[in-house]
Amino acid sequence: MALTQIGMVNNPTLPYTGSIPGGLSPGKQIFIQGVLPMTQEGFALNLQCSAHTYPKVEVALHFNPRFNQGVVVRNSHQKGCWKKEETYGNFPFHPGQPFEIIIAVETSQFKIAVSGQHFTEFQHRMPVHQVNTINISGGVTVFCIRYDAPGPALPASYPQNFPYGQPPMMPQPPFGFGQPQMAPHPHVGFQQTQNSTEILNPSVPYMGDIHGGLAAGKSIDIQGSLPLTQETFVINLQCGRQAYPQLEVALHFNPRFDQGCVVRNSHEGGSWKKEERFGVFPFHPGQPFSVKIVVEVNQYQIHVNGQLFTGFQHRIPFHRVNTLSISGGITISSVRISSSSMATQSSTSLSQPMSAAGSGFGTGMAYPSSGVVAPMQPMYNPPVPFVSGIPGGALPGKMIYVMGNLGSMPSRFNVNLQEGTLDSSDVAFHMDVRFRFGNDVNVVVRNHKSRGTWGSEERGIPFFPFSVGGAFDMIILIEPTCIKVAINNKHFLEFQHRLHPPARYSTLKIDGDIRLTQAPEKKEGEEWNYIKSCGTAPPPPPTSDPYPHSY
């Protein structure tokens, strides 16, 4: 039997009571799609003969999953009282997981499928043509209610292996990458694979569970579009669904068009904490956007429109985060939550060693190696102070390139590899270039900071490689025992690791009298002038090899 859609309700607010288009008759089907909370609350779905409430309402089918009893109760309500319950069968619902219920109306019974599998039948106890209303209540989020009736036949090539002969809205497991999406109405709802859950076109404000909570390597990818009215919006990773001031927010991400900044913060103990606002403003009115949040051991790494935007050091343990909230004047097309294995594969592929052949690395580099890391997109003309995450942290073999210009009267600038974005963060490598600062003239100080205390300074250098008003490029190479620095393609210094493990230090911070900007003209050996991390191909090598031996 082929069916045609006759009505759809998207993202209804619960409790929901609505009319069934044309009432019920044999051959019609109802699809309900949603997601269950982690709190194991029950919910009820009623097909009834009016919008009345108990005890007046006549209910032809009462469908009531009860987590505390592990059963799904089916019943009817007639003449002011409940009739005989039916509870046999397995319990097909799981806390925090999406679901789909299909109710097929037959001449003598309702047939019910859950998440693509036939579940049970329920014999009619009152004439089905009297049913004209659906009611849904309880601790559940519903994304879509769809009504189908007998209609034109589907093409012969259309798959027919669905419960009751009609394609469901939600792909049935197993459903992996590369498989065709067979749902004829994919505009709202879920798509789920072994490694990810995708929520399509949720209404805003949106609040949903993060199934399984957060873990290192997990990622949340939000796709949407901005209005022309330059309204603000908010993305929160939070610990539950309480209201302010009780709510705890591990990450508050708030682009503000009127201020031209993106505010990051946390909310705990009933109050907002210290805001972070540095960085460019990457959003544009009327344009689509993407925000990807990757959970790392020490911080959230945030990408906007495919570019690494910033890091945000954990202030609340990420394993406590179980809820995603989005609000404000935006439209969301999808929210994709990827599991640890998937997210880790995605992000670590940026730093997997690969053959040097064809990579752009030549033997003329300051630090040639047998294997380099795959490229990451450069960031052109970033503002100073500059703060950015280092995917995977300062792992041995990783290279960071810093290229820029100095002003006519610089005092100092510094480069830090640190654990997070806060001023109180531990710093594994601090390089402070001082042109004229206090009593220091043309000095390069190296140090580390642990638990708010600076260590012993290192000041010895073979030469001072920076020129007032000139350009420079810096290469920072992470090795198992030390950090090596080359300036203008010449080895400059080494700094032995003092804090371990190096991978903890996943933030790059640059501040001071320096311009990180594109060169006014392209010259041999100065083809790019930007910051780039994780091994993007450096400028072409000079004609002679400054390092006759390999590091």
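## Salt bridges and a buried serine

At a relative accessibility of 18%, Arg-256 counts as buried, because buried means under 20% relative accessible area. The model described here is predicted, and a search of the whole structure finds 19 salt bridges in it. In one of these, the side chain of Arg-256 meets that of Glu-275, at 3.8 Å from N to O. Glu-275 lies in the loop between β20 (271-272) and β21, whereas Arg-256 belongs to strand β18, so the pair ties together parts that are 19 residues apart in sequence. Glu-275 itself is partly exposed, with a relative accessible area of 34%.

| Salt bridge | N to O distance |
|---|---|
| Arg-256 and Glu-275 | 3.8 Å |
| Glu-248 and Arg-320 | 2.2 Å |
| Arg-146 and Asp-148 | 2.9 Å |

The side chains of Glu-248 and Arg-320 meet in a salt bridge. Glu-248 sits in the loop between β17 (233-238) and β18 (249-256) and Arg-320 in the loop between β23 (307-313) and β24 (323-328), so this pair ties together parts that are 72 residues apart in sequence. Arg-320 is partly exposed, its relative accessible area being 37%. In the salt bridge between Arg-146 and Asp-148, both residues are buried. Elsewhere, a network of salt bridges links Arg-412, Asp-432, Arg-434, Asp-440, Glu-457 and Arg-459.

Ser-290 has its place in strand β21 (residues 288-295) and, at 15% relative accessibility, counts as buried. Leaving aside residues up to four places away in sequence, Ser-290 touches Asp-221, Ile-222 and Gln-223, as well as His-303, Val-304, Asn-305 and Gly-306.

Key. Residues numbered from 1 in each chain as written. Predicted model: local features only at pLDDT ≥ 70, side-chain atom pairs only at ≥ 80, totals over all residues. Heavy atoms only, no water. Helix = DSSP H or I, 4+ residues; strand = E, 2+ residues; numbered from the N terminus. Buried < 20%, exposed > 50% of the residue type's maximum accessible area, 1.4 Å probe, protein only. Contact = heavy atoms within 4.5 Å. Salt bridge = Lys/Arg side-chain N within 4 Å of Asp/Glu carboxyl O.
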